[in-house]
Amino acid sequence: MRAFPPLDATATKIINLLTNCSSPSHLQQIQAQFILHNLHSNTTVAHHFINASHSLRLLASALRLFNRLPKPHVFIWNSLIRAFSHNHTPFIPFSIYAHMNRKSIRPNNFTFPFVLKSLSDFKGLREGLCVHAHVVKLGQLDDIYVQNALLNLYASCGDMGLCMQVFDEMPQRDVVSWTVLITGFRSAERFDDALIAFERMQYAGVVPNRVTMVNSLSACANFGALEMGVWIHNFIRTRGWELDVILGTSLIDMYGKCGRIEEGMAVFRDMKEKSVYTWNSVIKGLALAKSGEEAVRWFIQMKQEGIKADEVTLIAVLCACSHSGMVEMGRQIFDSMMNREDGFSPGVKHYACMIDLLARAGILEEAMEMMSQMPFEPTKAMWGSFLAGCRAHGDLELSEFAAKKLVELEPGNGSYYVLLSNIYAEMGRWSDVVKLRRLMKEGELRKDLGFSSIELPQENVYEL
């Protein structure tokens with residue numbers, strides 16, 4: 001990229017005006033001077049003009065202005081692409097990039113990262129593949145910023161095969177490269193691969209940053225890898241990192257999902273600043289530990305401290321009530337939502353929690369009534385919770401009704417036919433069992449095999 005050209009007095013004056021520009025009308029006046037003095041091609045002035053247009057949300061007018069130039073310098077195009085990529089405008093940076101190519105303006109290593117970032121934001125895989133081909137053709141693939149941008153593109157689009165291919169071909173990898181790989185695996189719910197990548201990063205001698213740790217902790221939480229999570233926590237302590245909201249919340253979430261909520265509570269107490277997401281992680285962790293009363297107590301304390309609950313908070317506390325059999329408390333919380341005391345009405349997941357609560361407690365008629373009166377159709381999760389409650393409390397007729405509903409919602413799922421067949425067997429309706437088994441055989445329906453995993457000390461995770 002060439003050096004900024006020397007500035008004359010007029011250019012310096014216009015730059016000062018652009019730096020202090022605060023209104024669209026002011027910018028239009030400056031633009032008139034900009035055109036009058038023929039400063040379009042001055043990369044320094046153009047850069048400041050684009051920045052001012054960006055801050056005033058007038059990037060479209062800046063683009064129209066520079067489009068009229070016969071062949072603007074690549075730096076001007078890079079500035080426009082960068083501004084539009086930060087503005088999260090779908091595919092405009094790629095359009096600018098295509099326009100550059102049509103005008104035979106050769107992109108450089110500063111062009112590609114921002115084009116690829118924009119495509120990552122909107123999952124433009126097809127366009128990204130075109131840009132990747134240009135990167136190779138123009139010999140820019142050795143630039144680590146371009147390589148990391150390609151990694152991020154493929155990870156954001158969920159194509160971890162291409163992401164790994166780019167990663168494996170990189171001669172050098174920095175903390176960003178490893179973090180993007182870990183984040184991609186975590187987003188694709190390949191949590192074991194995310195943790196393997198994190199271990200490989202340690203062996204490569206690359207020091208993780210906060211973003212690395214947050215994504216690795218999320219993988220630990222979802223995979224149940226407590227030992228790795230504890231190692232990360234010890235690393236954070238050893239390095240003397242402050243537990244900010246994001247990192248602290250990630251630790252609490254990991255401990256809660258791994259069944260060690262006491263350690264999660266200790267992290268909560270050590271945090272200087274907490275958000276609603278932090279409180280949600282505590283309440284969810286207590287709900288998973290079946291400490292319903294504790295979860296409700298923390299929910300009440302949260303409200304007393306002036307933290308406004310969100311939809312996730314109410315899902316967590318209703319789950320806590322469900323797992324601990326706290327029917328009356330669950331009803332009170334749900335009624336408060338119906339009255340919009342927290343500023344929103346109950347959604348599908350809140351109703352699902354209440355149906356699960358009532359079904360577990362054997363209050364089946366009320367659960368049925370709620371499903372018939374709610375403002376949307378019951379989901380598979382609701383009928384599944386209801387069926388589990390019916391079977392636990394020995395109501396075979398309602399069990400049959402719920403199982404048939406599940407078969408209607410997902411006729412290709414063999415597990416539901418097996419459930420219905422078992423219910424018929426319990427009712428002594430053997431002819432219906434035979435019919436159902438024949439139907440499964442004709443439709444080639446099978447029950448999916450289940451599996452579980454355990455983590456042994458100092459060993460790998462084994463699936464059974």
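**Reading the features**

A: Start where a helix ends. Just after α12, glycine 205 has a positive phi of about 80 degrees. Keep in mind that this model is predicted.

Q: What span should the 13 residues of α12 have, and how far apart are its end C-alpha atoms?
A: Helix α12 covers residues 191-203. At 1.5 Å a residue, its 13 residues should span 18 Å; the end C-alpha atoms are 19 Å apart, which agrees.

Q: Which residues of α12 are buried, and where do they lie around the axis?
A: The general idea comes first. An α-helix has 3.6 residues a turn, so residues three or four places apart point the same way. In α12, the buried residues are Phe191, Ala194, Leu195, Ala197, Phe198 and Met201. They cover an arc of only 155 degrees around the axis, which puts them on the same side of α12.

Q: What do the buried residues of α12 pack against?
A: Their partners are α11 (175-187), α13 (210-223) and α14 (226-239). Phe198 also belongs to an aromatic cluster, together with Trp231, Phe235 and Trp241.

Q: How many aromatic pairs does the structure hold?
A: A pair of aromatic rings is described by the distance of the centres and the angle of the planes. This structure holds 14 aromatic pairs. Take phenylalanine 268 and tryptophan 279: their ring centres are 5.0 Å apart and their planes stand at 80 degrees, so the pair is edge-to-face.

Q: Which helices hold phenylalanine 268 and tryptophan 279?
A: Phenylalanine 268 lies in α16 (residues 261-270), and tryptophan 279 in α17 (residues 276-288). The pair therefore ties together parts that are 11 residues apart in sequence. Phenylalanine 268 is buried, with a relative accessible area of 5%. Tryptophan 279 is buried too, at 2% relative accessibility.

Q: What is the geometry of the pair tryptophan 279 and tryptophan 298?
A: The ring centres of tryptophan 279 and tryptophan 298 are 5.9 Å apart, with planes at 55 degrees, so this pair is tilted. Tryptophan 298 lies in α18 (residues 292-304) and tryptophan 279 in α17, so the pair ties together parts 19 residues apart in sequence. Tryptophan 298 counts as buried, at 8% relative accessibility.

Q: Which charged ends sit over the rings of phenylalanine 268 and phenylalanine 167?
A: The charged end of lysine 274 sits over the ring of phenylalanine 268, 4.9 Å from its centre. Over the ring of phenylalanine 167 sits the charged end of arginine 173, 4.4 Å from the centre.

Q: How many disulfides does a search of the whole structure find?
A: The search finds 0 disulfides. Cysteine 258 is in none; the nearest cysteine sulfur, in cysteine 220, is 7.0 Å away. Cysteine 258 is buried, with a relative accessible area of 18%.

Note on methods:
Residues numbered from 1 in each chain as written. Predicted model: local features only at pLDDT ≥ 70, side-chain atom pairs only at ≥ 80, totals over all residues. Heavy atoms only, no water. Phe/Tyr/Trp six-rings, centres within 6.5 Å; stacked < 30°, edge-to-face > 60°. Helix = DSSP H or I, 4+ residues; strand = E, 2+ residues; numbered from the N terminus. Buried < 20%, exposed > 50% of the residue type's maximum accessible area, 1.4 Å probe, protein only. Lys NZ or Arg CZ within 6 Å of the ring centre and 35° of its normal. Expected span 1.5 Å × (residues − 1). Arc of directions from axis to C-beta. Contact = heavy atoms within 4.5 Å. Disulfide = S-S within 2.5 Å.
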